[in-house]
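Please keep both in view while reading the points below.

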Amino acid sequence: ASESLEVVGVGITPLFSGSPFEIFPNPSAGNTSVQLSNLIHAKMVMYDQQGRKVAERVLDGDKIIMDVSSFSKGIYFIKLLSDEDVILDVKKLVVQ
């Protein structure tokens, strides 16, 4: 008697192919654009290196411009959340 083994792929299907948003310019010392690729409604939360929330915006369109000139120099993390607070992506922003 011969035995057979069937291998079935198991994995996580990404919500988007590629990143759902881009940040530019990066590094930045002034106005920074956050460009959404597929979403209409999302929430953007920005944290400093210590994990403190420094900004939060509801995104209702495909692009926002954020002034980071008053932020301290350093590295920040921008988290993009869906309407259901599912993390869609996290990007690093360097403020000069």
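Aspartate 48 lies in the loop that links strand 3 (41-47) to strand 4 (53-60). The model is predicted. Aspartate 48 counts as buried because its relative accessibility is 10%, and buried means under 20%.

**Surroundings of aspartate 48**
- The side chain of aspartate 48 reaches the backbone nitrogen of glutamine 50 at 3.0 Å.
- A polar contact of 2.7 Å joins the side chain of aspartate 48 to the side chain of arginine 52.
- When neighbours within four places in sequence are left aside, aspartate 48 is in contact with Val54, Ile75, Tyr76 and Phe77.

**Aromatic rings**
- The count of aromatic pairs comes to one.
- The ring centres of phenylalanine 71 and tyrosine 76 are 5.5 Å apart and the ring planes stand at 70°, so this pair is edge-to-face; the label applies to planes over 60 degrees apart.
- Phenylalanine 71 and tyrosine 76 are both buried.
- At the ring of phenylalanine 21, the charged end of lysine 91 sits over the ring, 5.6 Å from its centre.

**The chain as a whole**
- The chain contains seven strands and zero helices, and its elements run β-β-β-β-β-β-β from the N terminus on.
- Of the 96 residues in the chain, 30% are buried.
- The chain exposes about 6,500 Å², of which carbon and sulfur atoms supply 50%.
- Among contacts between residues at least 6 apart in sequence, 49% join residues at least 24 apart.

Conventions: Residues are numbered from 1 along each chain as its sequence is written. This is a predicted model: local features need pLDDT of at least 70, side-chain atom pairs count only at pLDDT 80 or more; totals for chains, interfaces and linings use all residues. Side-chain values use heavy atoms; hydrogens and water are left out. Rings of Phe, Tyr and Trp (its six-membered ring) pair if their centres lie within 6.5 Å; planes under 30 degrees apart count as stacked, over 60 as edge-to-face and the rest as tilted. Buried means under 20% relative accessible area, exposed over 50%, partly exposed in between (1.4 Å probe, protein chains only). A charge sits over a ring if NZ of Lys or CZ of Arg is within 6 Å of the ring centre and within 35 degrees of the ring normal. Helices (H or I, at least four residues) and strands (E, at least two) are DSSP runs, numbered from the N terminus. Contact means heavy atoms within 4.5 Å. Accessible areas come from the Shrake-Rupley method with a 1.4 Å probe; for residues, only the protein chains shown count as cover. A polar contact is a pair of N or O atoms within 3.5 Å; within protein, one must be able to donate a hydrogen and the other to accept it, and residues adjacent in sequence count only if both atoms are side-chain atoms.
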